[in-house]
Amino acid sequence: MTRWLPALTVAAAVTAMLIALKTDISDIGRYYAYVGAAVVLPGTLIYRALRRTPHSLVEDLSFGTVVGLVAETAARPIWWAWPILTVILLRRHLRTPAYPHRPTRGWSWSVAAVAMGFVAYLTWAFLRVNPPVPTGRPADYMIDQLNLLAVAADLRHHFPLAVPELGDEPLPYHWFAYAHLAAAGRLTGVDLPVLWFRLDLPALAVLAVVLLAVAAWRVTGRAWAGPIAAALMYCVGEAVLPARAPAFFGTITAYYSWSSRSVLYASALSMPLIAVLAQILRREHTTRTWLLLTVLAAGVAGAKSTVLPVALAGLVCAGPRRAWRPSLVLAGVTGLAVLLLYGSEGGGLTWAPFGIMADFAHGRPVVIAAGLGAYAVAMGFRLAGALFVARPWGPVERFLAGAALAGFAATVLIWHNSWGQHFFAIAGFPFGAILSAAGVRRVPLAGLLGAAGVAVAAWSATVPRTNPVVPVYAFAALTLLVAAATRSKPAALVVVLFAGAAGLPYDAVHHANLGTAYHVRVTPDQAAGARWLRAHSAPDEYIATNVHRVGSGEQGRQSLAYWISAYSERRVLLGSWGYSPESNAIQAARHGVGPALDYWDPARLRANDLAIYEPTPARLRWLREQRVGWILVDRAQGRESPRLADQASYAWSAGDIVIYRLSAPCR
């Protein structure tokens, strides 16, 4: 029983946190039951059927959970039946095999500590400041959160995916993380905002930590590389404390771990992929391993588009003799994903060397060189353990290093209107974290912890909050001085690894929820109106609205108001267009930052708005022809014509929100 104590402690801590945030206990129980019975159990059985040999129970359960997540998405048409069918077909794998490896208590408690630290950051930086639904007072949500919640809501009722605020316009996107939420919502009955803002994120965070720890153990063959790799990625921040994550320096964990659910989801799915590729490079595989590789690659491709290109670059560095076959598998899966998931679109990515530094460098070569040096220290100092990995490197070490470097190179060489190039660096970081952990295996744990405490206190007290280049280079100089004074590479490395440990606490305290920039305020009346529509409309009925932009002021010009589709779980005929393929294409062509401000079909936009502000039977008939069954008016954005009540049925109102029903085609 004592060997389960670390896992039970994490579960108890997460549950206590959820209860403290006023999450309904029945929702917690249903979600836990769903994850265990419909993801972990069937996924573990499939993984046991595909893996080469047993390693440890923690590997079977964690890697099996990833396989379960992939299978959950593939089995969408039979969401209810696939776990039962899997257990029936693979029941012989219910028997626990004899495992040759078992984690020590120190290993288990270390991984548990990393997981709880990561969940604590997510709780303080995100969960506590985002109510699932605003009730007593308005809530400020980061715009991306409501857009992605709308994506999950669309997948709950429709397939294939469409832009939730643009009718049935197809949305080529990495949607697997949101399909998981949609499945969990349908099978448990738990409200989708509760899943989004409470239950799913901490569970995914714990899974990601355990997966990286197990993957590092498997890849390096050293158990203690696991907790170290997990700490490097999920507990240690950058050597600079940026005022805003999407700036030039970016982050790996802060901000990105909660701002886009697909980042953490893809990070989790990439860990077993790394482990399986390492087995293949070492020629420790069977025929079933190739099927497992294909399944994992397909899951990663649908989770985030940046991971497989980075892994492919790493395989190229590993050498052709051992890497050509797995390279073909990954290239084939990538090609299919580009055709089937992404519609052969670039998503707004363009080739622009040092484009990410445009505002910082102003095109000056000296400034670019200084900025690149600072970027290397700030973002890559946690990977310095790779310098101490024994030479000569084999194909696995070259694979890990190549993938990590490819991620950072792509971030510097590619440009995106919404800073999407950062996702390449994030995709490559687990590869580098595993390699770095292999290099610090001889550093005493007590020394690491002691240095961590000193470094955190010193760094958080002295770090400047202005130009980030100065503290970055000062940090590099400090590291060299420590190395010279101690004549010890490990001692210097301890300082390097943990000087950024203040990053996540600093971000959680000073920049929780990214402040109020790039947010939309949702009132209780707005949320109540959208949820009333969810209860009284059919999923195939569209909503017409006058809500196209966020609000007032400079930010209010942006067409990024997604609260209607997020909380109603219904498609809007023409709401906001900022996050759409056309918007990305327009901004990529202009090399503009942010979404397109103006809609590209003004005649359609005018027809939509005139049906609300100047309604006629013909204009309302046009709405019905577009499958519109309801009209939601936010009078803060503009007051509807009094004639609308004569031609449509009044249905509901509260504050500025009024809802009308188009019950029959107008004649």
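Predicted model: local features only at pLDDT ≥ 70, side-chain atom pairs only at ≥ 80, totals over all residues.

Colleague: What does the secondary structure of the chain come to?

Modeller: There are 28 helices and eight strands in the chain.

Colleague: Why are helix 1 and helix 8 called roughly antiparallel?

Modeller: Look at the angle. Helix 1 (residues 5–20) and helix 8 (residues 192–220) have axes that cross at roughly 155 degrees and come within 11 Å. The cut-off for roughly antiparallel is over 145 degrees, and therefore this pair gets the label. The crossing of helix 1 and helix 8 is also right-handed.

Colleague: Which residues make the contact between helix 1 and helix 8?

Modeller: Helix 1 brings Val10, Val14, Met17 and Leu18, while helix 8 brings Arg198, Leu199, Pro202 and Val206. Sorted by class, that contact has seven nonpolar residues, one charged and no polar ones. Arg counts as charged, and Arg198 is on the helix 8 side.

Colleague: At what angle do helix 2 and helix 7 cross?

Modeller: Helix 2 (residues 25–50) and helix 7 cross at roughly 115 degrees, and their axes come within 10 Å. That crossing is right-handed. Arg30, Tyr31 and Tyr34 of helix 2 meet His180, Ala183, Ala184, Leu187 and Thr188 of helix 7.

Colleague: How do the residues of the contact of helix 2 with helix 7 divide by class?

Modeller: You get five nonpolar, two polar and one charged.

Colleague: What makes Asn513 count as buried?

Modeller: Buried means under 20% relative accessible area. Asn513 has 4% relative accessibility, so it counts as buried. You'll find Asn513 in the loop between helix 22 (503–510) and strand 4 (519–522).

Colleague: Where are cis peptide bonds found, going by omega?

Modeller: One joins Phe159 and Pro160, with omega about 5 degrees. Pro160 lies in the loop between helix 6 (143–157) and helix 7 (176–188). Another joins Arg391 and Pro392, where omega is about -5 degrees. Pro392 lies in the loop between helix 16 (365–380) and helix 17 (395–413). As a rule, most peptide bonds are trans.

Colleague: How do you know that Ala352 is buried?

Modeller: Again, set the value against the 20% cut-off. Ala352 comes in at 11% relative accessibility, so it counts as buried. Ala352 is in the loop between strand 2 (350–351) and helix 15 (358–361).

Colleague: How many residues apart in sequence are Ala352 and Trp415?

Modeller: They are 63 residues apart in sequence, yet their C-alpha atoms are 5.5 Å apart in space. Leaving aside neighbours within four places in sequence, Ala352 is in contact with Val412, Leu413, Ile414, Trp415 and His591.

Colleague: What percentage of the chain do buried residues make up?

Modeller: Of the 667 residues in the chain, 59% are buried. The chain exposes about 25900 Å², with carbon and sulfur atoms supplying 63% of that area.

Technical notes
Residues numbered from 1 in each chain as written. Heavy atoms only, no water. Axes fitted to C-alpha atoms, helices over the stretch in contact; angles between N-to-C directions. Helix = DSSP H or I, 4+ residues; strand = E, 2+ residues; numbered from the N terminus. Parallel < 35°, antiparallel > 145°, perpendicular 65-115°, else oblique. Left-handed = near helix turned anticlockwise from the far one by under 90°. Contact = heavy atoms within 4.5 Å. Buried < 20%, exposed > 50% of the residue type's maximum accessible area, 1.4 Å probe, protein only. Areas by Shrake-Rupley, 256 points an atom, 1.4 Å probe, with all protein chains shown as cover.
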